[in-house]
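Student: I would like a close look at one part of this model, with the criteria spelled out.

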Amino acid sequence: MSDIRDDVLFDFEAVFGHPAAGVWSAPGRLTLLGTADSPETDAELAVAINRRTVLAASTRSDRTVRIASALVDELVTIELDELASTEVQGWSRIALGIVQEVLEASDTAASLTGVDVFIDTTVPVSAGLGSSAALEAALALALSDLWNLGEHTAHLAEHPDVAASVFALDDHALVRLEGETRPEPLPLDWQTAGLELLVIDTDAPTADALDTAIADDEVRRTLHSVTENQRVRDAALAIRDETPRLLGALLDASHASLRDDYGISTTEVDLAVETALVAGALGARMLGRPFSGVAVALVDTDTASRVRVALDGAFAEHAWGQPTVTAVSPSMGALRDR
């Protein structure tokens, strides 16, 4: 099996005609409880996952920025001086937004040169696993290194959805209480505890799933937010007490609240959660934003295979396509790989 870091170096040179200066990467993010959407009012328990966005990059002698990706057959080219006045659309919007943000944070922006960047990823896209955050963290670090800007990734802590991809540590979870921006790492060794996290992507169309009457009910949304914040606190306490199996019941309660109080679960996700629990999962909940069609289950390692088989069988009984089930574990945050 090829190494994605070798692949981006090879593809970089094939696209741009010269070697890259280095390789940088950052992990996706899995929100176990809470949300990063409203950091002033909502808490979050997250882990950075061992699926990463990897990029090769180098500076140029002019002020041109060129960005390419293994996922898109397009080379995007723009001048640094045009970034602020150009409304960027399409797949490169996030990457060029980070270039502009890092540029604006620099005291020497006028003297900086352009960059060439080639991007690839093993983070599933549009699955609620922080693929955008991984790109932002990896690219911000690469630009900080290439432009010799020092700790310019630190300002990404102000983006709660990106902070996990920046500050994560191996075998740690990250807890952020409401009103905070930078998360606190908590030791969480799944392997020693004999636990696994299974991400279940139902790949189901869910555009009509929202129960508008429930989702527009401010009282019920507030109820979910209050109880979810407490679940984040309870989860942090369980991790500190080295009793991570207690997270299972908190995941179950969170899913019930998202389904009943917030009204944003779906038939397919509910089936995935219920099937996983019947097959022996310690807990499960929907993952990501409404309509992601993705759930996460906490399982004992020796139960994981049974859960996978049960999910395939349950979806087959409904004549639905088999869900994609991926085991993930906590990973290190953004770093320079080469």
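Student: Which residue in strand 10 is the bridge partner of Leu197?

Tutor: The bridge partner of Leu197 is Leu298, in strand 10. This is a predicted model, in which local features need pLDDT of at least 70, side-chain atom pairs count only at pLDDT 80 or more, and totals for chains, interfaces and linings use all residues. Residues are numbered from 1 along each chain as its sequence is written, and side-chain values use heavy atoms, with hydrogens and water left out.

Strand 8 (residues 195-201) and strand 10 (residues 294-300) pair in the antiparallel sense over seven bridges. Strands here are DSSP runs of E of at least two residues, helices are runs of H or I of at least four, and both are numbered from the N terminus. Two strands pair if DSSP finds at least two bridges between them.

The two strands belong to an open, antiparallel sheet of four strands in the order 9-10-8-11. Its edges are strand 9 (283-287) and strand 11 (324-328), each of which pairs on one side only. From one strand to the next the twist averages 25°. Helix 10 (residues 304-317) lies across strand 8, strand 10 and strand 11, and runs at about 15° to strand 8. Contact means heavy atoms within 4.5 Å; axes are lines fitted to C-alpha atoms, for helices over the stretch in contact, and angles run from 0 to 180 degrees between N-to-C directions.

As for the setting, the chain has 10 helices and 12 strands. Its C-alpha trace spans about 60 × 40 × 40 Å along the principal axes.
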